[in-house]
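Subject: Handing over the structure, with notes on what was found

Dear colleague,

Please find the structure we talked about just below, and have it open while you read the rest of this message.

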Amino acid sequence: MPVFINLKNELKNEDFIERDFSVPFDSLDLPEEYSSKNRDVDVHMYIFKEKDGYLISLSIKSDVQLECDRCLEPFNMDLSGTSNIFLSKKKLSGGELHEDDLIARYLEDEEHFNVSELLREEILIQTPMKALCSDNCQGICPVCGNNRNENPCDCEKKQKREESPFAKLQVLLEKKK
Ligand SMILES: [Zn+2]
Ligand SMILES: [Zn+2]
(Lines give C-alpha, C1' and ligand atoms only; values in the text may rest on other atoms or scores of the structure.)
(Ligands and ions follow the chains in the order given, each with its own letter.)
Protein backbone atom coordinates (compact mmCIF):
# COMPACT_ATOMS: atom_id res chain seq x y z
CA MET A 1 0.00 0.00 0.00
CA PRO A 2 1.55 3.31 -1.05
CA VAL A 3 1.78 6.04 1.57
CA PHE A 4 0.06 9.29 0.70
CA ILE A 5 0.13 12.69 2.40
CA ASN A 6 -2.56 15.28 1.88
CA LEU A 7 -0.30 18.32 1.65
CA LYS A 8 -3.10 20.77 1.12
CA ASN A 9 -4.80 19.79 4.36
CA GLU A 10 -1.73 19.15 6.48
CA LEU A 11 -0.15 22.49 5.64
CA LYS A 12 -3.31 24.51 5.61
CA ASN A 13 -2.46 26.35 8.80
CA GLU A 14 1.23 25.52 9.07
CA ASP A 15 4.32 26.73 7.30
CA PHE A 16 6.01 23.43 7.77
CA ILE A 17 5.38 19.96 9.16
CA GLU A 18 7.67 17.23 10.37
CA ARG A 19 6.94 13.55 9.90
CA ASP A 20 8.56 10.36 11.17
CA PHE A 21 7.47 6.99 9.88
CA SER A 22 8.57 3.67 8.47
CA VAL A 23 7.61 2.10 5.19
CA PRO A 24 8.11 -1.60 4.45
CA PHE A 25 10.92 -1.99 1.91
CA ASP A 26 8.92 -4.56 -0.01
CA SER A 27 6.02 -2.18 -0.47
CA LEU A 28 8.08 0.19 -2.61
CA ASP A 29 7.75 -1.77 -5.81
CA LEU A 30 11.49 -1.79 -6.47
CA PRO A 31 13.07 -4.03 -9.12
CA GLU A 32 13.14 -7.69 -8.19
CA GLU A 33 16.89 -7.83 -7.51
CA TYR A 34 16.54 -5.25 -4.74
CA SER A 35 16.33 -6.64 -1.24
CA SER A 36 17.12 -5.30 2.18
CA LYS A 37 18.31 -6.69 5.49
CA ASN A 38 16.05 -4.25 7.30
CA ARG A 39 12.40 -4.79 6.79
CA ASP A 40 11.58 -1.10 6.88
CA VAL A 41 12.84 2.11 5.42
CA ASP A 42 12.89 4.70 8.20
CA VAL A 43 11.84 8.11 7.02
CA HIS A 44 12.20 11.51 8.61
CA MET A 45 10.91 14.41 6.59
CA TYR A 46 10.30 18.12 6.82
CA ILE A 47 7.85 19.69 4.44
CA PHE A 48 7.86 23.46 3.96
CA LYS A 49 5.14 25.35 2.21
CA GLU A 50 6.33 27.67 -0.53
CA LYS A 51 4.64 29.89 -3.07
CA ASP A 52 4.55 27.46 -5.99
CA GLY A 53 4.93 24.21 -4.16
CA TYR A 54 6.59 22.43 -1.28
CA LEU A 55 10.16 22.00 -0.24
CA ILE A 56 10.99 18.62 1.17
CA SER A 57 13.95 17.58 3.22
CA LEU A 58 13.93 13.82 3.12
CA SER A 59 16.13 11.69 5.35
CA ILE A 60 16.04 7.96 4.95
CA LYS A 61 17.65 5.11 6.78
CA SER A 62 17.85 1.97 4.76
CA ASP A 63 20.19 -0.43 3.08
CA VAL A 64 20.07 -2.55 0.00
CA GLN A 65 21.59 -5.89 -0.84
CA LEU A 66 23.38 -5.81 -4.19
CA GLU A 67 25.61 -8.02 -6.26
CA CYS A 68 29.12 -6.70 -6.79
CA ASP A 69 29.81 -5.86 -10.39
CA ARG A 70 33.37 -7.18 -10.20
CA CYS A 71 33.34 -10.23 -7.95
CA LEU A 72 29.61 -11.08 -8.17
CA GLU A 73 29.37 -11.55 -4.40
CA PRO A 74 26.31 -10.12 -2.63
CA PHE A 75 27.03 -7.21 -0.33
CA ASN A 76 25.13 -4.68 1.69
CA MET A 77 25.07 -1.02 0.79
CA ASP A 78 24.00 1.70 3.19
CA LEU A 79 21.46 4.04 1.64
CA SER A 80 21.07 6.40 4.57
CA GLY A 81 21.17 10.08 3.70
CA THR A 82 19.29 13.30 3.25
CA SER A 83 18.12 14.91 0.04
CA ASN A 84 16.18 18.04 -0.71
CA ILE A 85 13.45 18.02 -3.29
CA PHE A 86 11.15 20.71 -4.54
CA LEU A 87 7.62 19.69 -5.42
CA SER A 88 6.33 22.11 -7.98
CA LYS A 89 2.66 22.79 -8.36
CA LYS A 90 3.37 24.32 -11.75
CA LYS A 91 4.15 22.07 -14.68
CA LEU A 92 7.89 22.02 -15.23
CA SER A 93 9.11 23.08 -18.62
CA GLY A 94 12.00 20.79 -19.35
CA GLY A 95 14.52 22.06 -16.78
CA GLU A 96 14.57 19.72 -13.81
CA LEU A 97 16.29 22.14 -11.45
CA HIS A 98 14.72 24.58 -9.06
CA GLU A 99 16.63 27.45 -7.41
CA ASP A 100 19.79 26.41 -5.58
CA ASP A 101 20.11 23.38 -7.86
CA LEU A 102 17.36 21.54 -6.09
CA ILE A 103 15.82 18.60 -7.84
CA ALA A 104 12.32 19.63 -8.82
CA ARG A 105 9.43 17.30 -9.42
CA TYR A 106 6.02 18.08 -10.66
CA LEU A 107 3.39 17.57 -7.99
CA GLU A 108 0.37 16.27 -9.76
CA ASP A 109 -2.07 16.06 -6.89
CA GLU A 110 -1.55 18.15 -3.78
CA GLU A 111 -4.08 16.11 -1.86
CA HIS A 112 -2.50 12.77 -2.74
CA PHE A 113 1.24 13.23 -2.59
CA ASN A 114 2.68 9.75 -3.09
CA VAL A 115 5.53 9.38 -0.59
CA SER A 116 6.21 5.77 -1.56
CA GLU A 117 6.94 6.80 -5.11
CA LEU A 118 9.37 9.46 -3.91
CA LEU A 119 11.14 6.90 -1.72
CA ARG A 120 11.28 4.41 -4.55
CA GLU A 121 12.95 6.96 -6.83
CA GLU A 122 15.34 8.10 -4.13
CA ILE A 123 16.50 4.54 -3.59
CA LEU A 124 16.94 4.00 -7.32
CA ILE A 125 18.93 7.23 -7.64
CA GLN A 126 21.16 6.36 -4.68
CA THR A 127 21.99 2.92 -6.06
CA PRO A 128 24.92 3.10 -8.46
CA MET A 129 24.70 1.40 -11.87
CA LYS A 130 28.05 -0.18 -11.23
CA ALA A 131 27.95 -1.37 -7.64
CA LEU A 132 31.23 -2.45 -6.07
CA CYS A 133 31.52 -4.28 -2.76
CA SER A 134 34.57 -2.11 -2.09
CA ASP A 135 36.62 0.38 -4.07
CA ASN A 136 39.54 -1.99 -4.17
CA CYS A 137 37.60 -5.13 -4.96
CA GLN A 138 39.98 -7.32 -6.94
CA GLY A 139 37.20 -9.05 -8.82
CA ILE A 140 37.31 -12.39 -10.53
CA CYS A 141 40.47 -13.54 -12.27
CA PRO A 142 39.82 -13.62 -16.03
CA VAL A 143 42.30 -16.46 -16.39
CA CYS A 144 41.34 -18.97 -13.70
CA GLY A 145 37.93 -17.64 -12.60
CA ASN A 146 38.89 -17.43 -8.94
CA ASN A 147 37.60 -14.70 -6.60
CA ARG A 148 40.76 -12.70 -6.05
CA ASN A 149 39.50 -11.08 -2.85
CA GLU A 150 39.50 -14.49 -1.20
CA ASN A 151 42.41 -16.14 -3.02
CA PRO A 152 44.83 -13.81 -4.71
CA CYS A 153 46.42 -15.49 -7.72
CA ASP A 154 49.16 -14.28 -10.04
CA CYS A 155 47.68 -15.53 -13.30
CA GLU A 156 47.58 -12.08 -14.84
CA LYS A 157 51.11 -11.29 -13.77
CA LYS A 158 52.29 -14.56 -15.28
CA GLN A 159 50.43 -13.84 -18.48
CA LYS A 160 51.98 -10.37 -18.76
CA ARG A 161 55.42 -11.79 -18.23
CA GLU A 162 54.88 -14.28 -21.04
CA GLU A 163 53.63 -11.54 -23.34
CA SER A 164 56.46 -9.08 -22.74
CA PRO A 165 59.12 -8.74 -25.45
CA PHE A 166 61.71 -9.27 -22.81
CA ALA A 167 60.29 -12.71 -22.13
CA LYS A 168 60.65 -13.63 -25.81
CA LEU A 169 64.26 -12.50 -25.77
CA GLN A 170 64.77 -14.62 -22.72
CA VAL A 171 63.43 -17.64 -24.61
CA LEU A 172 65.79 -16.97 -27.53
CA LEU A 173 68.74 -16.67 -25.23
CA GLU A 174 67.79 -19.92 -23.54
CA LYS A 175 67.75 -21.65 -26.93
CA LYS A 176 71.21 -20.34 -27.83
CA LYS A 177 72.77 -21.93 -24.84
ZN1 LIG B 1 33.47 -7.25 -5.20
ZN1 LIG C 1 43.85 -16.60 -11.48
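The notes below go from the whole chain to its parts.

First, some conventions. This is a predicted model, in which local features need pLDDT of at least 70 and side-chain atom pairs count only at pLDDT 80 or more, while totals for chains, interfaces and linings use all residues. Residues are numbered from 1 along each chain as its sequence is written, and chains are lettered from A and ligands numbered from 1 in the order in which they are written.

The overall shape

The protein chain has four helices and nine strands, where helices (H or I, at least four residues) and strands (E, at least two) are DSSP runs numbered from the N terminus. Read from the N terminus on, the order of these elements is β-α-β-β-β-β-β-β-β-β-α-α-α.

The C-alpha trace spans about 95 × 35 × 20 Å along its principal axes. The radius of gyration of the protein chain is 25 Å, whereas a compact globule of 177 residues would have one near 16 Å; this radius is taken over C-alpha atoms, and the globule rule is 2.2 Å times the number of residues to the power 0.38.

The protein chain is divided into domain 1 (4–126) and domain 2 (141–177), with bounds that come from an automatic or database domain assignment. The centres of domain 1 and domain 2, taken over C-alpha atoms, are separated by 50 Å.

Of the 177 residues of the protein chain, 15% count as buried. A residue is buried if 20 or more other C-beta atoms lie within 10 Å of its own, exposed if 12 or fewer, and partly exposed in between, with C-beta atoms placed from the backbone. As for contacts (two residues whose C-beta atoms, placed from the backbone, lie within 7 Å), 53% of those between residues at least 6 apart in sequence join residues at least 24 apart.

The core and the strands around it

In soluble globular proteins, nonpolar side chains tend to be buried together. A nonpolar core is here a set of buried Ala, Val, Leu, Ile, Met, Phe, Trp, Tyr and Cys residues joined through C-beta atoms within 7 Å. The largest such core has 18 residues, and those with the most contacts inside it are Val 41, Val 43, Ile 56 and Leu 119. Two or more residues each come from strand 3 (40–50), strand 4 (53–61), strand 7 (81–88) and helix 2 (115–126), and strand 3 gives the most, with four residues. Leaving aside residues up to four places away in sequence, Val 41 touches Ser 22, Val 23, Phe 25, Ile 60, Ser 62 and Leu 119.

Two strands are said to pair if DSSP finds at least two bridges between them. Strand 4 and strand 7 run antiparallel and are joined by eight bridges, and Leu 55 has Phe 86 of strand 7 as its bridge partner. Strand 7 also pairs with strand 8 (residues 103–106), in the parallel sense and over four bridges, and there Phe 86 has Ala 104 of strand 8 as its bridge partner.

Most residues other than glycine have a negative phi. Asp 29, which is not a glycine, has a positive phi near 60°, and its place is in the loop between strand 2 (16–24) and strand 3. Asp 29 is exposed, because 10 other C-beta atoms lie within 10 Å. Leu 72, likewise not a glycine, has a positive phi of about 65° and is found in the loop between strand 5 (63–67) and strand 6 (74–78). Leu 72 counts as exposed because it has 11 other C-beta atoms within 10 Å.

Where is Asn 114 found? The place of Asn 114 is in strand 9 (residues 113–114), and Asn 114 counts as partly exposed because it has 15 C-beta neighbours inside 10 Å. Not counting residues up to four places away in sequence, Asn 114 touches Pro 2 and Phe 4.

Lastly, helix 4 (residues 165–176) has 12 residues and reaches 17 Å from its first C-alpha to its last, close to the 16 Å expected at 1.5 Å a residue, where the expected span is 1.5 Å times one less than the number of residues. The number of buried residues among the 12 of helix 4 is zero, so this helix lies largely in the open.

With best wishes
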